[in-house]
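Subject: Structure handover

Hello,

I am passing a structure on to you, with notes on what was found in it. Please look through the sequence and the model before reading on.

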Amino acid sequence: ACRGTLGKITVDNLRGPQGATCILNGTKVKGTITVQRKATLRATGVRVVGNVQAENHKHVEVRTSRIGGSIQVVQGGSSTVTGNTVTLDIQYFENRGAIVVSTNRVNGNLQCKENTKKPTGGGNKVGGNKEDQCKRL
């Protein structure tokens with residue numbers, strides 16, 4: 001479980017527990033980051049072997065990081081994902097807060113569906129498809 005700040009260390013799977021704030025600076029995650037209900041994740045310069053998954057979160061921010069799997073953000077609050085390299089997909093489904101998706105390199109798809117506020121951003125290089133609310137990003 002991550003509460004508070006982690007720096008340049010290597011960890012296995014990482015969980016942002018309910019209501020907590022997890023700040024990652026240059027952290028390497030050998031597994032997946034899971035952001036739980038009303039939790040906040042602020043990740044800068046991280047390397048994640050697996051996925052970043054958030055459900056019912058308060059805020060998810062991933063900047064200038066390398067994600068080996070996908071970024072999946074569903075049924076939560078706000079999010080900013082910018083300047084990342086993502087091996088699989090970036091997915092935003094049924095979120096209520098403001099979403100910014102900009103200048104990412106995504107090998108898979110960029111998918112945004114049924115978000116209350118239309119995602120903003122741009123300059124994303126996507127190997128697969130840009131879909132629905134993210135079509136113009």
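Predicted model: local features only at pLDDT ≥ 70, side-chain atom pairs only at ≥ 80, totals over all residues.

Overall build

The protein chain contains 21 strands and zero helices. Along the principal axes, its C-alpha atoms fill a box of roughly 35 × 25 × 15 Å. The radius of gyration is 13 Å, which agrees with the value near 14 Å that a compact globule of 137 residues would have. Of the 137 residues in the protein chain, 49% are buried.

Salt bridges

Side chains of opposite charge can pair when their charged atoms come close.

E61 counts as buried because its relative accessibility is 13%, and the cut-off for buried is under 20%. R42, at 37% relative accessibility, counts as partly exposed.

E61 also forms a salt bridge with R63, where the closest N and O atoms are 3.0 Å apart. R63 has a relative accessibility of 32%, so it counts as partly exposed.

K113 and D132 form another salt bridge, with 3.9 Å between the closest N and O atoms. This pair, too, links distant parts of the chain: K113 is in strand 18 (residues 110-113) and D132 is in strand 21 (residues 130-132), 19 residues apart. K113 is partly exposed, with a relative accessible area of 33%. D132 is partly exposed as well, its relative accessible area being 44%.

Which residues do salt bridges with shared partners join into one network? The network consists of R42, E61 and R63.

A patch of positive charge

On the surface, K28, K30, R47 and R66 gather in a patch of positive charge. One of these residues, K28, has its place in strand 5 (residues 28-29). K28 counts as partly exposed because its relative accessibility is 37%, and partly exposed runs between the 20% limit for buried and the 50% limit for exposed.

Most residues other than glycine have a negative phi, and most peptide bonds are trans. Two residues are worth a look on this point.

K38 is not a glycine, yet it has a positive phi of about 60°. Where is K38 found? K38 sits in the loop between strand 6 (33-35) and strand 7. K38 is exposed, because its relative accessible area is 56% and exposed means over 50%.

The other is D132, a residue other than glycine with a positive phi near 50°. D132 is placed in strand 21, and D132 is also the partner of K113 in a salt bridge. At 44% relative accessibility, D132 counts as partly exposed.

Regards

How values were computed:
Residues numbered from 1 in each chain as written. Heavy atoms only, no water. Patch = residues over 30% accessible without salt bridge, like charges linked within 9 Å, V, L, I, M, F, W, Y side chains within 5 Å. Areas by Shrake-Rupley, 256 points an atom, 1.4 Å probe, with all protein chains shown as cover. Salt bridge = Lys/Arg side-chain N within 4 Å of Asp/Glu carboxyl O. Lys, Arg positive; Asp, Glu negative; His and termini not counted. Charge placed at Lys NZ, Arg CZ, Asp CG, Glu CD. Helix = DSSP H or I, 4+ residues; strand = E, 2+ residues; numbered from the N terminus. Buried < 20%, exposed > 50% of the residue type's maximum accessible area, 1.4 Å probe, protein only. Rg over C-alpha atoms; globule rule 2.2 N^0.38 Å.
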